[in-house]
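Please open the model in a viewer and keep the selection tool at hand.

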Amino acid sequence: MNQAADMKHNRTAPVMLDVIGTELNADDIRRIRHPLTGGVILFARNFADRAQLVALTDAIHALRADVLIAVDHEGGRVQRFRTDGFTVLPAMRLLGQLWDRDVLAATRVATDVGFVLAAELRACGVDLSFTPVLDLDHGESGVIGNRAFHRDARVVTLLAKSLNHGLALAGMANCGKHFPGHGFAQADSHVAVPVDERSLEAILGDDAAPYDWLGLGLAGVMPAHVIYPQVDAQPAGFSRKWLSILRHDMGFDGVIFSDDLSMEGASVAGDVIAGATAALAAGCDMVLICNAPDKADQLLDGLHANQSSERSAARIATLMPTMAPLDWASLQADDRYQSAKRSIAALLAE
(Lines give C-alpha, C1' and ligand atoms only; values in the text may rest on other atoms or scores of the structure.)
Protein backbone atom coordinates (compact mmCIF):
# COMPACT_ATOMS: atom_id res chain seq x y z
CA MET A 1 0.00 0.00 0.00
CA ASN A 2 1.49 3.38 -0.98
CA GLN A 3 1.67 6.39 1.31
CA ALA A 4 -1.35 8.11 -0.25
CA ALA A 5 -3.43 4.98 0.18
CA ASP A 6 -2.20 4.64 3.76
CA MET A 7 -3.35 8.19 4.50
CA LYS A 8 -6.75 7.53 2.94
CA HIS A 9 -7.14 4.34 4.98
CA ASN A 10 -6.15 6.11 8.18
CA ARG A 11 -8.32 9.15 7.62
CA THR A 12 -11.28 7.81 9.55
CA ALA A 13 -9.49 5.86 12.30
CA PRO A 14 -9.86 7.95 15.47
CA VAL A 15 -10.87 5.17 17.92
CA MET A 16 -8.56 3.26 20.26
CA LEU A 17 -10.20 0.29 21.96
CA ASP A 18 -9.19 -2.79 23.93
CA VAL A 19 -9.41 -6.56 23.46
CA ILE A 20 -11.02 -9.09 25.74
CA GLY A 21 -8.34 -11.59 26.75
CA THR A 22 -4.97 -13.11 25.94
CA GLU A 23 -5.83 -13.94 22.34
CA LEU A 24 -8.18 -12.40 19.80
CA ASN A 25 -11.73 -13.64 19.61
CA ALA A 26 -14.20 -13.04 16.78
CA ASP A 27 -15.52 -9.81 18.31
CA ASP A 28 -11.99 -8.45 18.81
CA ILE A 29 -11.17 -9.19 15.16
CA ARG A 30 -14.36 -7.52 13.97
CA ARG A 31 -13.64 -4.38 16.00
CA ILE A 32 -9.98 -4.14 14.97
CA ARG A 33 -10.92 -4.47 11.30
CA HIS A 34 -13.48 -1.67 11.59
CA PRO A 35 -12.36 1.39 9.57
CA LEU A 36 -12.84 3.69 12.59
CA THR A 37 -10.33 1.70 14.67
CA GLY A 38 -6.88 3.23 14.74
CA GLY A 39 -5.47 1.84 17.96
CA VAL A 40 -5.60 -0.99 20.49
CA ILE A 41 -4.77 -0.52 24.17
CA LEU A 42 -3.62 -3.51 26.23
CA PHE A 43 -4.18 -4.22 29.93
CA ALA A 44 -2.82 -6.71 32.49
CA ARG A 45 -5.62 -9.12 31.59
CA ASN A 46 -4.13 -9.36 28.09
CA PHE A 47 -0.80 -10.69 29.44
CA ALA A 48 0.06 -14.22 30.53
CA ASP A 49 3.69 -14.36 29.45
CA ARG A 50 6.00 -12.83 26.86
CA ALA A 51 5.41 -15.44 24.17
CA GLN A 52 1.66 -14.97 24.46
CA LEU A 53 2.04 -11.16 24.36
CA VAL A 54 4.16 -11.34 21.21
CA ALA A 55 1.60 -13.66 19.61
CA LEU A 56 -1.18 -11.21 20.51
CA THR A 57 0.56 -8.11 19.15
CA ASP A 58 1.59 -10.04 16.01
CA ALA A 59 -2.03 -11.05 15.51
CA ILE A 60 -3.24 -7.45 15.89
CA HIS A 61 -0.64 -6.12 13.45
CA ALA A 62 -1.40 -8.95 11.02
CA LEU A 63 -4.99 -7.73 10.91
CA ARG A 64 -4.07 -4.05 10.63
CA ALA A 65 -0.42 -3.07 10.27
CA ASP A 66 -1.41 0.58 10.70
CA VAL A 67 -3.06 0.09 14.11
CA LEU A 68 -1.14 1.64 17.03
CA ILE A 69 -0.73 -0.79 19.96
CA ALA A 70 -0.47 1.08 23.26
CA VAL A 71 -0.42 0.39 26.99
CA ASP A 72 -0.35 2.28 30.31
CA HIS A 73 3.09 1.15 31.47
CA GLU A 74 4.52 3.94 33.62
CA GLY A 75 6.26 2.13 36.45
CA GLY A 76 5.25 1.79 40.08
CA ARG A 77 1.64 0.71 40.52
CA VAL A 78 0.80 1.41 36.87
CA GLN A 79 2.76 -1.28 35.06
CA ARG A 80 0.69 -3.79 33.10
CA PHE A 81 3.39 -6.41 32.48
CA ARG A 82 5.53 -7.39 35.48
CA THR A 83 6.56 -11.04 35.10
CA ASP A 84 8.42 -13.34 32.70
CA GLY A 85 11.45 -11.09 32.42
CA PHE A 86 9.85 -7.65 32.46
CA THR A 87 11.82 -5.28 34.67
CA VAL A 88 9.96 -3.94 37.70
CA LEU A 89 10.04 -0.18 37.14
CA PRO A 90 10.07 2.43 39.92
CA ALA A 91 7.28 4.84 40.70
CA MET A 92 8.23 8.22 39.29
CA ARG A 93 8.28 9.79 42.74
CA LEU A 94 11.46 7.80 43.46
CA LEU A 95 13.15 9.65 40.61
CA GLY A 96 12.01 12.95 42.10
CA GLN A 97 13.35 11.95 45.49
CA LEU A 98 16.67 11.01 43.88
CA TRP A 99 16.71 14.42 42.19
CA ASP A 100 16.56 16.07 45.61
CA ARG A 101 19.73 14.16 46.56
CA ASP A 102 21.63 14.06 43.27
CA VAL A 103 20.37 15.89 40.17
CA LEU A 104 22.73 14.26 37.66
CA ALA A 105 22.06 10.76 38.98
CA ALA A 106 18.31 11.35 38.72
CA THR A 107 18.46 12.45 35.10
CA ARG A 108 20.62 9.44 34.21
CA VAL A 109 18.33 6.94 35.93
CA ALA A 110 15.27 8.58 34.35
CA THR A 111 16.82 7.96 30.93
CA ASP A 112 17.56 4.38 31.95
CA VAL A 113 13.95 3.86 33.03
CA GLY A 114 12.64 5.21 29.74
CA PHE A 115 14.99 3.03 27.72
CA VAL A 116 14.22 -0.20 29.58
CA LEU A 117 10.49 0.51 29.59
CA ALA A 118 10.40 1.11 25.84
CA ALA A 119 12.90 -1.54 24.79
CA GLU A 120 11.02 -4.30 26.61
CA LEU A 121 7.64 -3.24 25.25
CA ARG A 122 8.93 -2.88 21.72
CA ALA A 123 10.57 -6.32 21.87
CA CYS A 124 7.03 -7.63 22.45
CA GLY A 125 5.33 -5.66 19.68
CA VAL A 126 3.91 -2.74 21.69
CA ASP A 127 4.30 0.60 19.91
CA LEU A 128 3.58 3.20 22.62
CA SER A 129 3.28 3.61 26.37
CA PHE A 130 1.11 6.42 27.74
CA THR A 131 3.92 7.99 29.73
CA PRO A 132 5.28 10.24 31.25
CA VAL A 133 2.90 11.53 33.92
CA LEU A 134 3.43 15.31 34.06
CA ASP A 135 1.04 15.96 36.95
CA LEU A 136 2.53 17.74 39.94
CA ASP A 137 2.69 16.02 43.32
CA HIS A 138 0.50 18.37 45.35
CA GLY A 139 -0.23 15.64 47.87
CA GLU A 140 -3.94 16.05 47.04
CA SER A 141 -4.68 13.34 44.46
CA GLY A 142 -4.75 9.71 45.53
CA VAL A 143 -5.05 8.48 41.96
CA ILE A 144 -1.89 10.36 40.97
CA GLY A 145 0.13 10.09 44.18
CA ASN A 146 3.55 8.57 43.58
CA ARG A 147 2.96 8.43 39.84
CA ALA A 148 4.12 12.08 39.80
CA PHE A 149 7.81 12.92 39.66
CA HIS A 150 7.78 15.93 41.99
CA ARG A 151 5.92 18.99 43.28
CA ASP A 152 8.18 21.38 41.36
CA ALA A 153 7.14 21.82 37.73
CA ARG A 154 10.77 22.45 36.74
CA VAL A 155 11.88 19.12 38.17
CA VAL A 156 8.97 17.33 36.52
CA THR A 157 9.93 18.87 33.18
CA LEU A 158 13.58 17.89 33.32
CA LEU A 159 12.97 14.37 34.58
CA ALA A 160 10.30 13.85 31.92
CA LYS A 161 12.71 15.13 29.28
CA SER A 162 15.30 12.57 30.41
CA LEU A 163 12.74 9.76 30.48
CA ASN A 164 11.53 10.76 27.00
CA HIS A 165 15.14 10.57 25.79
CA GLY A 166 15.31 6.98 27.02
CA LEU A 167 12.06 6.13 25.24
CA ALA A 168 13.42 7.63 22.04
CA LEU A 169 16.66 5.63 22.28
CA ALA A 170 14.51 2.50 22.04
CA GLY A 171 12.47 3.94 19.18
CA MET A 172 9.32 4.85 21.13
CA ALA A 173 7.40 8.12 21.18
CA ASN A 174 5.90 9.59 24.37
CA CYS A 175 2.58 10.88 25.66
CA GLY A 176 2.45 13.39 28.52
CA LYS A 177 -0.60 13.27 30.80
CA HIS A 178 -2.93 14.59 32.22
CA PHE A 179 -3.13 18.10 30.70
CA PRO A 180 -3.31 20.70 32.20
CA GLY A 181 -2.82 18.80 35.47
CA HIS A 182 -4.64 16.27 37.65
CA GLY A 183 -2.41 16.56 40.73
CA PHE A 184 -4.40 19.26 42.55
CA ALA A 185 -7.85 17.64 42.17
CA GLN A 186 -8.62 15.14 44.93
CA ALA A 187 -11.28 13.00 43.22
CA ASP A 188 -10.36 10.01 41.04
CA SER A 189 -11.71 10.57 37.52
CA HIS A 190 -12.18 6.80 37.10
CA VAL A 191 -15.07 6.89 39.57
CA ALA A 192 -15.94 10.59 40.03
CA VAL A 193 -15.83 13.97 38.28
CA PRO A 194 -12.84 15.87 39.72
CA VAL A 195 -13.01 19.65 39.99
CA ASP A 196 -10.10 22.08 40.29
CA GLU A 197 -11.28 25.56 41.32
CA ARG A 198 -8.05 27.42 40.63
CA SER A 199 -7.72 30.25 38.13
CA LEU A 200 -6.35 29.89 34.61
CA GLU A 201 -3.29 31.89 35.61
CA ALA A 202 -2.54 29.66 38.58
CA ILE A 203 -2.83 26.48 36.51
CA LEU A 204 -0.78 27.78 33.59
CA GLY A 205 1.90 29.09 35.92
CA ASP A 206 2.31 25.79 37.75
CA ASP A 207 0.68 22.50 36.67
CA ALA A 208 0.51 23.17 32.93
CA ALA A 209 4.04 24.59 32.71
CA PRO A 210 5.76 21.26 31.81
CA TYR A 211 3.69 21.01 28.62
CA ASP A 212 4.85 24.45 27.58
CA TRP A 213 8.48 23.91 28.56
CA LEU A 214 8.81 20.48 26.93
CA GLY A 215 7.61 21.93 23.63
CA LEU A 216 8.68 19.84 20.65
CA GLY A 217 9.82 17.10 23.00
CA LEU A 218 6.22 15.90 23.44
CA ALA A 219 4.79 13.62 20.76
CA GLY A 220 1.42 13.02 22.44
CA VAL A 221 -0.70 14.54 25.19
CA MET A 222 -3.68 13.14 27.10
CA PRO A 223 -5.96 15.72 28.75
CA ALA A 224 -7.44 15.21 32.19
CA HIS A 225 -11.05 14.29 32.91
CA VAL A 226 -11.03 17.24 35.32
CA ILE A 227 -13.30 20.29 35.26
CA TYR A 228 -11.63 23.66 35.84
CA PRO A 229 -14.74 25.84 36.30
CA GLN A 230 -12.80 29.11 36.36
CA VAL A 231 -11.76 28.30 32.77
CA ASP A 232 -14.47 26.11 31.20
CA ALA A 233 -17.50 24.10 32.29
CA GLN A 234 -16.26 21.04 30.36
CA PRO A 235 -13.44 18.69 31.42
CA ALA A 236 -10.20 19.52 29.63
CA GLY A 237 -10.50 16.70 27.09
CA PHE A 238 -13.85 18.07 25.87
CA SER A 239 -12.85 21.74 26.09
CA ARG A 240 -12.08 23.74 22.96
CA LYS A 241 -10.56 26.40 25.21
CA TRP A 242 -8.10 24.08 26.94
CA LEU A 243 -7.09 22.26 23.76
CA SER A 244 -6.73 25.57 21.94
CA ILE A 245 -4.36 26.72 24.70
CA LEU A 246 -2.36 23.53 24.16
CA ARG A 247 -2.37 23.79 20.36
CA HIS A 248 -2.09 27.51 19.77
CA ASP A 249 -0.64 29.14 22.88
CA MET A 250 1.83 26.33 23.61
CA GLY A 251 2.38 25.38 19.96
CA PHE A 252 1.79 21.65 20.47
CA ASP A 253 1.29 19.84 17.15
CA GLY A 254 1.44 16.23 18.30
CA VAL A 255 -1.37 13.78 18.98
CA ILE A 256 -4.07 14.62 21.53
CA PHE A 257 -5.69 11.49 22.99
CA SER A 258 -8.87 11.63 25.01
CA ASP A 259 -8.70 9.78 28.29
CA ASP A 260 -10.97 6.73 28.53
CA LEU A 261 -14.55 7.65 27.62
CA SER A 262 -15.90 4.90 29.90
CA MET A 263 -14.52 6.65 33.00
CA GLU A 264 -16.89 8.52 35.29
CA GLY A 265 -15.00 11.74 34.61
CA ALA A 266 -16.21 11.59 31.00
CA SER A 267 -19.87 11.14 31.93
CA VAL A 268 -20.59 14.87 31.87
CA ALA A 269 -20.20 14.80 28.09
CA GLY A 270 -23.09 12.36 27.65
CA ASP A 271 -23.08 8.85 26.23
CA VAL A 272 -20.05 7.38 24.49
CA ILE A 273 -20.97 8.76 21.06
CA ALA A 274 -21.65 12.24 22.45
CA GLY A 275 -18.40 12.10 24.41
CA ALA A 276 -16.32 11.01 21.43
CA THR A 277 -17.95 13.60 19.19
CA ALA A 278 -17.31 16.34 21.75
CA ALA A 279 -13.68 15.28 22.28
CA LEU A 280 -12.93 15.20 18.55
CA ALA A 281 -14.71 18.52 18.00
CA ALA A 282 -12.71 20.09 20.83
CA GLY A 283 -9.44 19.05 19.18
CA CYS A 284 -8.62 15.46 20.15
CA ASP A 285 -7.14 13.29 17.39
CA MET A 286 -8.00 9.91 18.92
CA VAL A 287 -10.53 8.81 21.54
CA LEU A 288 -10.16 5.88 23.93
CA ILE A 289 -12.90 3.49 24.96
CA CYS A 290 -11.79 0.80 27.42
CA ASN A 291 -13.28 -2.01 29.51
CA ALA A 292 -16.71 -1.63 27.89
CA PRO A 293 -17.07 -3.72 24.71
CA ASP A 294 -20.74 -2.79 24.38
CA LYS A 295 -19.83 0.91 24.36
CA ALA A 296 -17.01 0.23 21.88
CA ASP A 297 -19.58 -1.31 19.53
CA GLN A 298 -21.89 1.66 20.01
CA LEU A 299 -19.05 4.02 19.19
CA LEU A 300 -17.94 2.16 16.06
CA ASP A 301 -21.55 1.96 14.85
CA GLY A 302 -22.55 5.53 15.67
CA LEU A 303 -19.53 7.82 15.27
CA HIS A 304 -19.56 9.85 12.08
CA ALA A 305 -16.44 9.12 10.02
CA ASN A 306 -15.98 12.77 9.11
CA GLN A 307 -15.14 13.57 12.74
CA SER A 308 -11.55 12.57 11.93
CA SER A 309 -9.19 14.40 9.61
CA GLU A 310 -6.17 13.83 7.45
CA ARG A 311 -4.14 16.04 9.78
CA SER A 312 -5.07 13.88 12.76
CA ALA A 313 -4.16 10.76 10.79
CA ALA A 314 -0.78 12.26 9.92
CA ARG A 315 -0.13 13.10 13.57
CA ILE A 316 -1.09 9.59 14.71
CA ALA A 317 1.17 8.05 12.07
CA THR A 318 4.17 9.81 13.62
CA LEU A 319 3.74 7.72 16.78
CA MET A 320 4.35 4.46 14.93
CA PRO A 321 7.94 3.30 15.54
CA THR A 322 10.28 3.68 12.58
CA MET A 323 13.31 2.00 14.15
CA ALA A 324 13.40 -1.80 14.27
CA PRO A 325 13.34 -3.11 17.85
CA LEU A 326 15.76 -5.57 19.38
CA ASP A 327 14.14 -8.94 19.98
CA TRP A 328 14.12 -10.21 23.56
CA ALA A 329 17.24 -12.39 23.21
CA SER A 330 19.23 -9.59 21.58
CA LEU A 331 18.05 -7.20 24.26
CA GLN A 332 19.43 -9.43 27.01
CA ALA A 333 22.84 -9.31 25.31
CA ASP A 334 22.77 -5.52 24.94
CA ASP A 335 25.24 -3.79 27.28
CA ARG A 336 23.29 -0.53 27.42
CA TYR A 337 20.12 -2.38 28.43
CA GLN A 338 21.89 -4.39 31.14
CA SER A 339 23.55 -1.25 32.50
CA ALA A 340 20.19 0.54 32.62
CA LYS A 341 18.61 -2.42 34.45
CA ARG A 342 21.36 -2.28 37.07
CA SER A 343 20.79 1.42 37.73
CA ILE A 344 17.05 0.80 38.13
CA ALA A 345 17.71 -2.07 40.55
CA ALA A 346 20.03 0.18 42.56
CA LEU A 347 17.34 2.85 42.86
CA LEU A 348 14.75 0.33 44.00
CA ALA A 349 17.21 -1.10 46.56
CA GLU A 350 17.77 2.23 48.30
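Select D84, which lies in the loop between β5 (78–79) and α4 (92–101). Helices here are DSSP runs of H or I with at least four residues, strands are DSSP runs of E with at least two, and both are numbered from the N terminus. The model is predicted, so local features need pLDDT of at least 70 and side-chain atom pairs count only at pLDDT 80 or more, whereas totals for chains, interfaces and linings use all residues. Residues are numbered from 1 along each chain as its sequence is written, and side-chain values use heavy atoms, with hydrogens and water left out.

How exposed is D84? With a relative accessible area of 35%, D84 is partly exposed; buried means under 20% relative accessible area, exposed means over 50%, and partly exposed lies in between, for a 1.4 Å probe and protein chains only. The phi angle of D84 is near 55°, a positive value in a residue other than glycine. Now display the surroundings of D84: leaving out residues up to four places away in sequence, D84 touches F47, D49, R50, A51 and W328, where contact means heavy atoms within 4.5 Å.

N291 is in the loop between β10 (286–289) and α11 (293–302). Its phi is near 60°, again a positive value in a residue other than glycine.

Move to helix α3 (residues 50–63) and select T57 within it. Is T57 buried or exposed? T57 counts as buried, because its relative accessibility is 1%. Its contacts, not counting residues up to four places away in sequence, are L42, I69, C124, G125 and V126.

Then select I29 in helix α2 (residues 26–33). I29 has a relative accessible area of 26% and is therefore partly exposed. Beyond residues up to four places away in sequence, I29 touches L24 and L63. The C-alpha atoms of I29 and L63 are separated by 7.6 Å, although the two residues are 34 positions apart along the chain.

The next stop is a pair of helices. Select α5 (residues 103–123) and α6 (residues 153–169) together: their axes come within 6 Å and cross at roughly 35°. Such axes are lines fitted to C-alpha atoms, for helices over the stretch in contact, and the angles run from 0 to 180 degrees between N-to-C directions. On the α5 side, the contact is made by A106, T107, A110, T111, V113, G114, F115, L117 and A118, and on the α6 side by L159, S162, L163, H165, G166, L167 and L169. These residues divide into ten nonpolar, six polar and no charged. In this count, Ala, Val, Leu, Ile, Met, Phe, Trp, Tyr, Cys and Pro are nonpolar, Asp, Glu, Lys and Arg are charged, and the others, Gly among them, are polar.

Now go to the loop between β6 (128–129) and α6, where P132 is found. T131 and P132 are joined by a cis peptide bond, with omega about 10°. In the loop between β6 and α6, select also L136. L136 counts as buried because its relative accessibility is 0%. Neighbours within four places in sequence aside, L136 is in contact with A148, H150, R151, D152, A153, V156, G183, D206, D207 and P210. For a view across the model, draw a distance from L136 to D253: the two are 117 residues apart along the chain, and their C-alpha atoms are separated by 23 Å.

A further cis peptide bond joins K177 and H178, with omega about 5°. H178 is in strand β7 (residues 176–179).

Finally, show the whole chain. How many helices and strands are there in the protein chain? There are 14 helices and ten strands. Along its principal axes, the C-alpha trace spans about 50 × 50 × 35 Å. Buried residues make up 57% of the 350 residues. Of the contacts with a separation of 6 or more, 76% are between residues 24 or more positions apart.
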